[in-house]
Amino acid sequence: MANTIDLCPQCRGRLVPIGERTGGFSAKKAVIGTVVAGGAVGLAAGATGKQLVTLQCVKCGYIIETDAKTAKEATEFGEAFEQYCELQEQLRRQRCKLEIPHVKLVHQYGYGMNEFKYAGYVNRAKDREKIGIDIDAVEKEVAAARQKYDKKIQLLNTPDASEQRELSELRKKQQNLTKEKSQCEAELAALGFFKFAQKKAVQEKIASLSNELASVTEKKDQLDRIIQQQQEKWQAEERAEIIQIRSELVERCRVLAYEWMKENLPEEYHQFLSAVYSVLDDEGKDSEELHQLLDPETESMTTLQLSQRIGYFSNPYVSDCGQGFSFSLYFGADGARDRSMLQRLAQKEEREKAEKAAKIERYRKATEKLIKERYPEESASEREARVQRIVDSMIQTDTELENHS
Ligand SMILES: [Zn+2]
């Protein structure tokens, strides 16, 4: 999926450069490169006389040879990743007693309240490229996995499934036995005093029906449980498969989010935001869930305070699928709010363009009429040139006025 090397393909350890050479064709190395870097890059590195760099995994010693650019990117990514892992480890130890600093509000830094809020959404396209993963392809794979399990679960629940047929037979049996039993009970009540022999026979029948009913009910409950367990097993498998499909995307976003924060956000927020990024995954988490994950004893701050602090600083690598005013953060493809935000921006631009075109048209019509009356002897092309000059100057004046107000 990735078109870059990030970490060791064997153990996800950090890669460091250990040597370089100007490569002639090396079939063996080309093959290694192909496996690691994806067909085109690997073959090119093996076949041409390019500068080749040998990378080695610091954990398991695995060696890869690749082109200089890919090697540089992998080395940089590895460094960021290692830094991040160290921080993760620190945070994991501190999490139960997370000190969330009583930070200043963002406007006290001289920022506008919305300065960071939409930064992520506006810069998205460029940043998505940096993730280096085909997000749409990942989501397609996720959709296919979902479909696969939905189908399995659906099949298990159709009336034609053997389990469902057995279940419905057991239900029928249960109903019949219940009916028969209540008939016997009515019969017994109708017998009144005496008729001991008859009563005894009916009582025995009721007892045997009760036993049978109990055993049918147990079988039915057992089958219900088996079907339920099978569904839960598939749901767990589905979740695990989706986590696996998205894992590389999530980890790359996590590291990039952390890097972006260090570069762009006030330092006082770093520890707090790092903690937030450390608990995010591929599924949306709202302020309530984040509060539970970060500060389970809810000693440091209220959910509202937490959500305010997060809300001030969007990050282009953190997506939001929250509804309305509430957020729900995750690492992955753009969330619903991003799309609507972008949509609104595009619509506004479209509207302004249309308004401007209509205004120019109005100016042109009025000017044409005036010029025709005033310069009747001029040719059509001369008049047209006059109209154009006047309209241009009107538009320019409008723009200057707009910029002043
Ligand atoms: Zn390794």
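The following legends describe close-up views of a predicted model.

**Figure 1. Overall composition of the predicted model.** The protein contains 13 helices and 5 strands. Of its 405 residues, 21% are buried. Among contacts with a separation of 6 or more, 68% link residues 24 or more positions apart.

**Figure 2. An open sheet is built from three strands, β1, β2 and β3.** The strands follow the order β1-β2-β3, and their pairing is antiparallel. On average, neighbouring strands are turned by 30° against each other, direction ignored. In general, the strands of a sheet pair through backbone hydrogen bonds, in either a parallel or an antiparallel manner.

**Figure 3. Strand β1 pairs with β2.** The two strands run antiparallel and are joined by 7 bridges. Within this pairing, R21 lies opposite L52 of β2.

**Figure 4. Strands β2 and β3 form a hairpin.** Strand β2 (residues 51-57) runs antiparallel to β3, and 5 bridges join the two. V53 has T66 of β3 as its bridge partner, while Q56 stands opposite I63 in β3. The hairpin has 5 residues between its strands, and G61 adopts a positive phi near 85°.

**Figure 5. The largest nonpolar core comprises 46 residues.** C253, A257 and V276 have the most contacts inside this core. At least two core residues come from each of β2, α3 (68-94), α6 (135-157), α8 (196-264), α9, α10 and α11. The greatest contribution is that of α8, which supplies 10 residues.

**Figure 6. Helices α9 and α10 pack against each other around V276 and its neighbours.** The axes of α9 and α10 are 10 Å apart and meet at an angle of about 105°. An angle from 65 to 115 degrees counts as roughly perpendicular, and α9 and α10 are therefore roughly perpendicular to each other. On the α9 side, the contact involves A275, V276 and V279, which meet L290, L293 and L294 of α10. Leaving aside residues up to four places away in sequence, V276 touches L290, L294 and I310.

**Figure 7. Helix α10 packs against α11.** Their axes lie 9 Å apart, at an angle of about 105°. This makes α10 roughly perpendicular to α11. From α10, the residues S287, E288, L290 and H291 meet T303, L306 and S307 of α11.

**Figure 8. Helix α11 has buried residues along one face.** Which residues of α11 (residues 303-312) are buried? They are L306, R309, I310 and Y312. Viewed down the helix axis, the buried residues of α11 fall within an arc of 165°, so they line one face of the helix. The elements covering these residues include α9 (270-279) and α10 (287-294).

How values were computed: Residues are numbered from 1 along each chain as its sequence is written. This is a predicted model: local features need pLDDT of at least 70, side-chain atom pairs count only at pLDDT 80 or more; totals for chains, interfaces and linings use all residues. Two strands pair if DSSP finds at least two bridges between them. Helices (H or I, at least four residues) and strands (E, at least two) are DSSP runs, numbered from the N terminus. Axes are lines fitted to C-alpha atoms, for helices over the stretch in contact, and angles run from 0 to 180 degrees between N-to-C directions. A residue is buried if 20 or more other C-beta atoms lie within 10 Å of its own, exposed if 12 or fewer, and partly exposed in between; C-beta atoms are placed from the backbone. The arc is that of the directions from the helix axis to the C-beta atoms. Two residues are in contact if their C-beta atoms, placed from the backbone, lie within 7 Å. A nonpolar core is a set of buried Ala, Val, Leu, Ile, Met, Phe, Trp, Tyr and Cys residues joined through C-beta atoms within 7 Å. Angles under 35 degrees count as roughly parallel, over 145 as roughly antiparallel, 65 to 115 as roughly perpendicular and the rest as oblique.
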